[in-house]
Each structure stands twice: as structure tokens, then as C-alpha cells.
Amino acid sequence: MEDVALEPRRIWWARPRKLCALERPGGGGRNHRAARRAAEIAWLRGRGVRMVVSVMRSRHNLSQYEAAGLDWHHVPVRRPQDEPDALEELLPLLRAELAATGAVALHGDSYTDFVAAVCAAHLHEMRGADLAETLDRAARAGLAVTPRACALLGVDLGEVVAVRQAA
């Protein structure tokens with residue numbers, strides 16, 4: 001029996017039909033729900049996602065991606081100090097994977113600031129997108145944009161309009 005598809009909460013299509021950033025399918029941490037996870041994975045597959053990249057510390061959801069026929073890649077970010085190295089690993093991975101047919105979904109746990117920063121860095125690298133404007137689009141889509149994520153990219157948090165307006 002096919003799973004019912006459910007659009008994930010807090011999702012940003014940084015590149016429509018090619019790259020999205022989101023919280024962990026099924027929710028993060030103690031709010032995780034297996035039925036929601038299956039429905040959100042089904043939704044991602046229905047939107048052409050063929051690979052999921054997880055930056056969670058743990059290996060949660062990886063076996064579910066495999067069971068759903070999705071490729072996956074795991075780059076655990078255990079501490080904030082790991083983010084610069086993880087970013088340097090993820091940018092070439094995204095360049096290679098996004099050249100293929102299908103989309104890539106990038107997720108953390110419930111915290112979405114690092115995945116927003118990775119997508120913004122990718123858009124800047126590949127398309128010359130303004131980092132502050134890109135982070136603003138991520139924030140407007142519901143992803144967290146924190147001072148730490150901004151600092152990783154050399155952006156002043158005050159430049160991100162959606163964050164400024166929410167304060």
C-alpha cells in the first residue's frame with residue numbers, strides 16, 4: 001500500500017525541482033512521528049527527490065530513505081565547530097548531485113539554520129546569488145536563520161530582512 005503524501009513542514013526550495021532544505025522528515029527530536037515521516041518521504045519522492053542528504057548527528061531516517069528507493073548521504077555535524085568543514089564537503093557534493101536528473105533534499109534535525117546556510121552558499125557559488133537575500137528567502141519559507149548561520153557565510157544577521165522584521 002502506498003503512503004499518503006504530506007508536504008514537509010518548514011521546507012524551502014532553494015532551486016525549484018532541484019534542491020530543497022527542510023527539517024528532518026517526520027519532525028525532529030522528541031516530536032518525530034513515523035507516520036508523518038513516511039508521508040513526507042512519499043511527498044518528496046513525488047516531487048522528484050532522488051537523494052536525501054542528512055547533516056544530523058545520528059543516522060536516523062537513513063534506512064527509511066533506502067527502503068523508499070532514495071539514495072542518501074550522511075555528513076554528521078556534531079558541533080557548531082564542524083560546520084565549516086561540513087560546508088566544504090557538501091558544496092562539491094551538491095554540485096555533482098544536482099547535475100544529475102532529479103532533486104536533492106538536505107535536512108538537519110529540527111534545526112534548519114545550517115541547511116539554509118548550505119543552500120545559500122550553493123546558490124552563491126553556482127549562480128552568484130546574494131547571500132543575505134538568499135537567507136532572507138530561506139527565513140520567509142520558515143527555515144531558521146541564526147547569527148551562527150550568517151557568520152558561517154560572512155553575512156550580518158541584520159541584513160536578513162525576514163529575521164529583522166520578526167524581531
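What follows is a dialogue about reading one predicted model.

Biologist: Before we start, which residues count for local features, and how are residues numbered?

Modeller: Residues are numbered from 1 along each chain as its sequence is written, and side-chain values use heavy atoms, with hydrogens and water left out. As this is a predicted model, local features need pLDDT of at least 70 and side-chain atom pairs count only at pLDDT 80 or more, while totals for chains, interfaces and linings use all residues.

Biologist: Fine. How many helices and strands are in the chain?

Modeller: Helices (H or I, at least four residues) and strands (E, at least two) are DSSP runs, numbered from the N terminus. Here the chain has seven helices and five strands, and their order from the N terminus is β-β-α-β-α-β-α-β-α-α-α-α.

Biologist: What does the radius of gyration say about the chain?

Modeller: The radius is taken over C-alpha atoms, and the globule rule is 2.2 Å times the number of residues to the power 0.38. For these 167 residues the rule gives 15 Å and the chain's radius of gyration is 15 Å, so the chain is as compact as a globular protein of that length. Along the principal axes, the C-alpha atoms fill a box of roughly 50 × 35 × 30 Å.

Biologist: Is strand β1 largely enclosed or open?

Modeller: Buried means under 20% relative accessible area, exposed over 50%, and partly exposed in between (1.4 Å probe, protein chains only). Strand β1, residues 11-15, has four of its five residues buried, so it is largely enclosed by the rest of the structure. Over the chain, buried residues make up 51% of the 167.

Biologist: And which strand pairs with β1?

Modeller: Two strands pair if DSSP finds at least two bridges between them. β1 pairs with β2 (residues 19-22) in the antiparallel sense, over four bridges. Look at W12, whose bridge partner in β2 is A21. Three residues lie between the strands of this hairpin, where R17 takes a positive phi near 65°.

Biologist: What does L153 touch?

Modeller: Contact means heavy atoms within 4.5 Å. Leaving out residues up to four places away in sequence, L153 touches L87, A117, A120, A121, L131 and L135.

Biologist: L94 is in helix α3. Which residues does L94 touch?

Modeller: L94 is buried, with a relative accessible area of 1%. Not counting residues up to four places away in sequence, its contacts are L19, V104, V118 and H122.

Biologist: Last one: is α5 mostly covered or open?

Modeller: Mostly covered, with seven of its ten residues buried; L131 and L135 are among them. At the start of α5, a side-chain oxygen of D130 reaches to within 3.1 Å of the backbone nitrogen of A132. After the helix comes G142, whose phi is positive, near 105°.

Key:
Polar contact = N/O pair within 3.5 Å; in protein donor to acceptor, adjacent residues only side chain to side chain.
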